[in-house]
Amino acid sequence: MSDETRTAGEKGRSEAAGPLLLEMRGVSKIYETGQVQVRALDGVSLALQGGELVVALGPSGSGKTTLLNLVGGLDRPTAGTIRYGDTDIASLSDGDLGRFRRDHIGFVFQFFNLIPTLTARENVEFAAELVSHDSRQMEERVEELLRLVGLEERADHFPSQLSGGEQQRVAIARAMAKDPNILLCDEPTGNLDFRTGQQILGLLQKLTGEQGKTCVLVTHNTAIAGVGTRIVRLRDGRVQSDERSANPLPASEVEW
Ligand SMILES: Nc1ncnc2c1ncn2[C@@H]1O[C@H](COP(=O)(O)OP(=O)(O)O)[C@@H](O)[C@H]1O
Ligand SMILES: [Mg+2]
């Protein structure tokens, strides 16, 4: 393919990262509330590849959460396409969009959103049960995930008995329960001190670097940007810059 016939997204694709996973083209999102229209995203084109840790950086109101909600099929764009494999997920029925989300996307939120009446293990099991039909296999998967996030010894504790960082690790194990290709993290360290945040960022580096998951981490915190294999800067609903990093910062060196 000559350079001229490639699209902007294809030109920007990195040989080092894995296969193309999801591609947004010309995506806009307008929220209408009463008489007021808010253009939360304005012509965003972005291709995600396997194994990338994409840090989407932008101030409050720049469209970060809107971007995650569209990639994760929680909402639909006003214009543009979002291709996952052969499907434009924006055109799926509600049921199919729900299945796409269930099978391929893991979400991690700023305030953890664990179920307070379930233990750490039960929170992860609850998510695993939605996708697994073999209870023995499911139990093994849950234990493996608790080990992965280093919480096997706290598995029987309730969220209220865990620190913020530990709760976020449970939330990551829960998001991984269905073995999703894409992990979407909305300000995952926003409620944590930097030492605890380092563990969370290290875990995301491990999941992308070693397990080939694709992670989009959105944050307003510029100190975090360096941990990504790619930094996408958002402003007023637009991509201001999109840069790959050959040498991501080890999570243990991030401070804020
Ligand atoms: N459901 C909604 N209804 C109306 N406006 C919204 C809604 N969600 C977000 N917005 C607006 O869209 C813009 C982008 O919001 P958001 O994606 O939440 O930004 P960020 O996550 O970067 O803070 C903001 O101006 C916000 O007020
Ligand atoms: Mg937000």
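In the predicted model, an open sheet of four strands is arranged in the order S2-S1-S4-S5 with antiparallel pairing (strands are DSSP runs of E of at least two residues, and helices runs of H or I of at least four, numbered from the N terminus; two strands pair if DSSP finds at least two bridges between them). The edge strands, S2 and strand S5 (87-88), each pair on one side only. Strand S1 runs antiparallel to strand S4 (residues 79-84), and five bridges join them. Methionine 24 has isoleucine 82 in S4 as its bridge partner.

Ligand 1 is surrounded by residues including Tyr31, Thr33, Val38, Ala40, Lys64, Thr65 and Thr66, where a residue counts as near if its C-beta atom, placed from the backbone, lies within 6 Å. Two or more residues of this shell come from each of strand S1 (20-33), strand S2 (36-49) and helix H2 (64-71). H2 provides the largest share, three residues. The shell comprises three nonpolar, eight polar and one charged residue, with Gly counted as polar.

The largest nonpolar core contains 65 residues, of which Val55, Ala56, Val124, Ala173, Leu204, Cys215 and Val216 touch the most other members. Such a core is a set of buried Ala, Val, Leu, Ile, Met, Phe, Trp, Tyr and Cys residues joined through C-beta atoms within 7 Å, buried meaning that 20 or more other C-beta atoms lie within 10 Å of a residue's own. Valine 216 touches Leu48, Val54, Ala56, Leu68, Val71 and Leu184, not counting residues up to four places away in sequence (contact: C-beta atoms within 7 Å).

Residues are numbered from 1 along each chain as its sequence is written, while chains are lettered from A and ligands numbered from 1 in the order in which they are written. As the model is predicted, local features need pLDDT of at least 70 and side-chain atom pairs count only at pLDDT 80 or more, whereas totals for chains, interfaces and linings use all residues.

Technical notes: Buried ≥ 20, exposed ≤ 12 C-beta atoms within 10 Å, placed from the backbone. Contact = placed C-beta atoms within 7 Å.
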